[in-house]
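Here is a colleague's note to read with the structure open beside you. Take the points in order and look up each residue as it comes.

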Amino acid sequence: MTAHETLFRLYYDKLLHIAKGYLGTIEDAEGVVQNVFLKIWEKKKNLGKINNISNYLHTMTKNACLDLLKHQKVKINFSNNYYEERIAIKNQFIKDEAASLVIETELEKRITKAIDTLPEKCRRVFLKSRFEGLKHSEIADVMHISKRTVDNHISNALQHMKLHLKEYLTLFLIFLKNI
Amino acid sequence: METKKALKYIKGTASEKEVREIETWINASRDHAKKFNLLKAEYIASTFDETINTADTNQELFKYKANIEKSSKNKTKNLRLSILKYAAIFIVILGSSYLIVSGNFLGNNFEIPKDAITLELENGETKIIQEDGTAQFVDSKGNTIVTQKGNKLNYNNNISNTEKLVYNTLTVPYGKRFNIVLSDNTHVTLNAGTSLKYPVKFIKGHNREVHINGEAFFDVTKDKDRPFVVKSSGLNVRVLGTKFNVSNYPEDISTKTVLVEGSVSLYQEEIYKPKEATLLTPGHLASLNKSNKTIALEKVDVSLYTSWIYGTISFKHEPFKNILKKLERQYDIVIKCESKELNETFFTASFDNTSLEYILKTFRNNYDIKFSVDDSTNKKTITINP
């Protein structure tokens, strides 16, 4: 659960903001984002294969919003032509790639803001252990560095993280246990 | 398009007339739509803080966990029956306010030191158990009922059948752990600050009932005719044959049961009614809230709740004050922390068989806390300052 919890804590409010922008109401947005995270949980085995987690989550959010709009459209289909138009505007906005890029860039910026003060290698090691769920020895293999170096990077990461992500720090102690 | 008007539309503050104007404009051409989209995207990108500051992430995380619970429940439904066939392993953590009264336990007997492991016999006599010694205890008829070898008590299965339940109580003080083998060959490991009351011999046709205060890991011998019931204030855990952990510490707001494998039933009433009991599935934690008596289920890493048997100290999202209480028990020390803020801060951590000093240093290195150690009193006292 801890990796998922961290993911949730990092992304929830940001995806909620984006979904609210797409759908117009916070209530709809909450339901959509919950569903996104539930899907993540169900597909947890695939998480390690994702290269860009922000892009992945953003895409999932967009698809979930489109699904919801489709449902709304079916509901109002015969009742009001005017609302259908309004949904069409929302729909094309979600699908607009230029607009998506603007939003996603900001999302990515906000997520990395907290961790970009880390030294590059340290950050990579940290992200690998955090989001890809790799064991420290596996990270060492993938990055062609010694396990001790991975350990050092993670403990450095912890030192830096405390300034930025104090509340997540405790979760990482569990990772230390698994070295 | 007027940017100002479009922004009003995006913010949702435009009048109905303005809304129509803007929408007509957007729908007029692909180019218009693109311009509008970029403006809206930039607006969304620049207003993240609005949602971030108002979102209740903790509340939503709670919902998320409940959703996961629901979803994995549906999946395990089909598995449940097949799992039931196998010997089960599970853990129970129960809460009560026992430790507060545990002093009375030794109260009548002034010569018993507080740091001794004690065994209370059926006649009320309290024996001190030396961890490195061997001993035998006999009943009123002179039969050997239990033998002690080192840190294990072994109850004799062969004593003559009795019709009456006779109870013994084993109490383990702070800083120690102890093992016991009951007359049905059920193995129990008691954690520091724990007391277990159990019949010297289980009687035919009766449930096997024991009472726990503190924390213990059970490896119950299978006997489908005589369910094993672990009783604690407010909660009963019923099993046929399985391994589980029971904890019952006063600082925990809930009574917790964790299942590693198999299946157990939890019930709060005096009498077991299958329909009203909560069935626990593997890998899940059931928390009975002591104040409102509701049981919540969540998926957990079970090793967090069992690793203490091997000397590991784990806490999952626990307030600092509770962690200090656990450390006090584990190391038989006194820890003082005056900082209210720090006491209410939640931590998750796990330490393998380490010294107290290492644990304190880990906290010091990651948070700005200071601590001082006072060895001059008869109990080591540690004072923590933020």
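1. Start with a meeting of two helices: W25(B), I26(B) and A28(B) in α2(B) meet H32(B), A33(B) and F36(B) in α3(B). Being in contact is defined as having C-beta atoms, placed from the backbone, within 7 Å. Of the residues in this contact of α2(B) with α3(B), five are nonpolar, one is polar and none is charged. Here Ala, Val, Leu, Ile, Met, Phe, Trp, Tyr, Cys and Pro count as nonpolar, Asp, Glu, Lys and Arg as charged, and the others, Gly among them, as polar.

2. A word on what you are looking at: this is a predicted model, in which local features need pLDDT of at least 70 and side-chain atom pairs count only at pLDDT 80 or more, while totals for chains, interfaces and linings use all residues. Residues are numbered from 1 along each chain as its sequence is written, and chains are lettered from A and ligands numbered from 1 in the order in which they are written.

3. How do α2(B) and α3(B) lie against each other? Their axes are 5 Å apart and the packing angle is about 120°. That angle makes α2(B) oblique to α3(B). Axes are lines fitted to C-alpha atoms, for helices over the stretch in contact, and angles run from 0 to 180 degrees between N-to-C directions. Angles under 35 degrees count as roughly parallel, over 145 as roughly antiparallel, 65 to 115 as roughly perpendicular and the rest as oblique.

4. Now compare the make-up of the chains. Chain A has nine helices and zero strands, whereas chain B has ten helices and 25 strands. Both kinds of element are DSSP runs numbered from the N terminus: helices are H or I with at least four residues, strands are E with at least two. Of the 179 residues in chain A, 34% are buried; of the 386 residues of chain B, 33% are. Buried means that 20 or more other C-beta atoms lie within 10 Å of the residue's own, with C-beta atoms placed from the backbone; 12 or fewer makes a residue exposed, and anything in between partly exposed.

5. Where do the chains touch? The contact takes 37 residues from chain A and 33 residues from chain B. On the chain B side, α2 (16–28), α3 (30–46), α4 (48–54), α5 (57–84) and β23 (346–351) each supply at least two residues. The largest share of that side, nine residues, comes from α3(B). By class, the side of chain B that touches chain A has 15 nonpolar, nine polar and nine charged residues.

6. Take a look at Y64(B), which lies in helix α5 of chain B. Is Y64(B) buried or exposed? Y64(B) counts as buried because it has 22 C-beta neighbours inside 10 Å. Not counting residues up to four places away in sequence, Y64(B) touches F8(A), Q34(A) and F37(A).

7. Next, the sheet. Nine strands of chain B form an open sheet in the order β3-β2-β7-β10-β11-β13-β14-β17-β18, with mixed pairing. Strands pair if DSSP finds at least two bridges between them. β3 (126–129) and β18 (278–280) of chain B stand at the edges with a single partner strand each, so one side of each has no neighbour in the sheet. From one strand to the next, the twist averages 20°.

8. Within that sheet, follow β14(B). Four of the five residues of β14(B) (residues 235–239) are buried, so this strand is largely enclosed by the rest of the structure. Strand β13 (residues 228–232) of chain B pairs with β14(B) in the antiparallel sense over five bridges, and S232(B) has L235(B) as its bridge partner. The two strands form a hairpin with two residues between them, and G234(B) in the turn has a positive phi of about 90°. β14(B) is also joined to β17(B) (residues 264–267) by three bridges, running antiparallel, with R238(B) opposite S265(B).

9. Finish with the nonpolar cores, which are sets of buried Ala, Val, Leu, Ile, Met, Phe, Trp, Tyr and Cys residues joined through C-beta atoms within 7 Å. The largest has 43 residues, and L170(B), V188(B), L190(B), L196(B), A216(B) and F218(B) have the most contacts inside it. Apart from it lies another core, of 33 residues, including A29(A), V33(A), L107(A) and A45(B). In soluble globular proteins, nonpolar side chains tend to be buried together.
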